[in-house]
Amino acid sequence: MHELRVKTRSRNDLVDITAEVQKAVSDSGVDDGVCLLFVPHTTAAVTINEGADPAVRQDIEAELDKVFPWRDGYAHAEGNSAAHIKTSLVGSSETVIVGGGRLILGTWQSIYFCEFDGPRDRKVYVRVTA
Ligand code: ZN
């Protein structure tokens, strides 16, 4: 298993980790198989979406904030319930097909680490299997 480190810069921060994941795939030596990504945190997630226009990432962050405002009378005493809820909705894992040693992604797709309670030092587990 490979472990990626991600340093996030703000409370919400969608970080493009496609190049780092591709490097983990290359280092694994697996040509054809699957790449499983897992985020071992309760206030951060992983998703795949458009990487070409940074405005998409911005819109995802802004709209999630509208639906789940930081303060909204939540029961959880730690005060970061919005981040927990976003994490459950976005999800803790993604699976990408590997072919010819490359991640098989659509033309416009990038893999995003999704910080919802940053800034923090985070991890992503990467497992590539043939
Ligand atoms: Zn909490």
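The legends below describe close-up views of a predicted model.

View 1. The zinc ion is held by His76 through NE2, by Glu78 through OE, by Asn80 through OD1 and by His84 through NE2. These donors lie at 1.9 to 2.2 Å from the metal. Along the sequence, the donor residues follow the spacing H-x1-E-x1-N-x3-H.

View 2. Helix 3 covers residues 81–90. Which of its residues are buried? They are Ser81, Ala82, Ala83, Lys86 and Thr87. The cover over these buried residues includes strand 4, residues 44–50, together with helix 2. Just after the end of helix 3 comes Gly91, with a positive phi of about 105 degrees. In general, most residues other than glycine have a negative phi.

**View 3. Ala62 in helix 2.** Helix 2 consists of residues 54–67, and Ala62 is found within this helix. Ala62 is partly exposed, with a relative accessibility of 38%. Between the C-alpha atoms of Ala62 and Val124 the separation is 23 Å. Along the chain, these two residues are 62 residues apart.

**View 4. The two cysteines Cys35 and Cys114.** How many disulfides does a search of the whole structure find? The search finds zero disulfides. For Cys35, which is in no disulfide, the nearest cysteine sulfur is that of Cys114, at 16 Å. Cys114 is likewise in no disulfide, and the nearest cysteine sulfur to Cys114 belongs to Cys35. A pair of cysteine sulfur atoms must lie within 2.5 Å to count as a disulfide. Are these cysteines buried or exposed? Cys35 is buried, with a relative accessible area of 0%. Cys114 is buried as well, at 2% relative accessibility.

**View 5. A charged end over a ring.** The charged end of Arg11 is placed over the ring of Trp70. The distance from this charged end to the centre of the ring is 3.7 Å. As for pairs of aromatic rings, the count comes to zero.

**View 6. Thr18 in helix 1.** Thr18 belongs to helix 1, which comprises residues 18–28. Is Thr18 buried or exposed? Thr18 counts as buried because its relative accessibility is 17%, and the limit for a buried residue is under 20%. Leaving aside residues up to four places away in sequence, Thr18 touches Leu103, Leu105, Ser110 and Ile111.

**View 7. Val15 in strand 2.** Strand 2 is formed by residues 13–16 and contains Val15. Val15 is buried, at 16% relative accessibility. What does Val15 touch, not counting residues up to four places away in sequence? Its contacts are Val6, Thr8, Arg9, Ile111, Tyr112 and Phe113. The C-alpha atoms of Val15 and Val46 are separated by 9.4 Å, with the two residues 31 residues apart along the chain.

**View 8. Glu3 in strand 1.** Glu3 is part of strand 1, residues 2–7. With a relative accessible area of 33%, Glu3 is partly exposed. Residues up to four places away in sequence being left out, Glu3 touches Lys123, Val124 and Tyr125. Glu3 and Ala24 are 21 residues apart along the chain, and their C-alpha atoms are separated by 8.7 Å.

**View 9. The peptide bond between Gly118 and Pro119.** Is the bond that joins Gly118 and Pro119 cis or trans? The peptide bond is cis, with omega at about -5 degrees. In general, most peptide bonds are trans. Pro119 is located in the loop between strand 7, residues 109–115, and strand 8, residues 121–129.

Definitions and conventions:
Residues are numbered from 1 along each chain as its sequence is written. This is a predicted model: local features need pLDDT of at least 70, side-chain atom pairs count only at pLDDT 80 or more; totals for chains, interfaces and linings use all residues. Side-chain values use heavy atoms; hydrogens and water are left out. Donors are N, O and S atoms within 2.8 Å of the metal (3.2 Å for Na, K and Ca); water is not among the atoms, so sites may look incomplete. Rings of Phe, Tyr and Trp (its six-membered ring) pair if their centres lie within 6.5 Å; planes under 30 degrees apart count as stacked, over 60 as edge-to-face and the rest as tilted. A charge sits over a ring if NZ of Lys or CZ of Arg is within 6 Å of the ring centre and within 35 degrees of the ring normal. Buried means under 20% relative accessible area, exposed over 50%, partly exposed in between (1.4 Å probe, protein chains only). Helices (H or I, at least four residues) and strands (E, at least two) are DSSP runs, numbered from the N terminus. Contact means heavy atoms within 4.5 Å.
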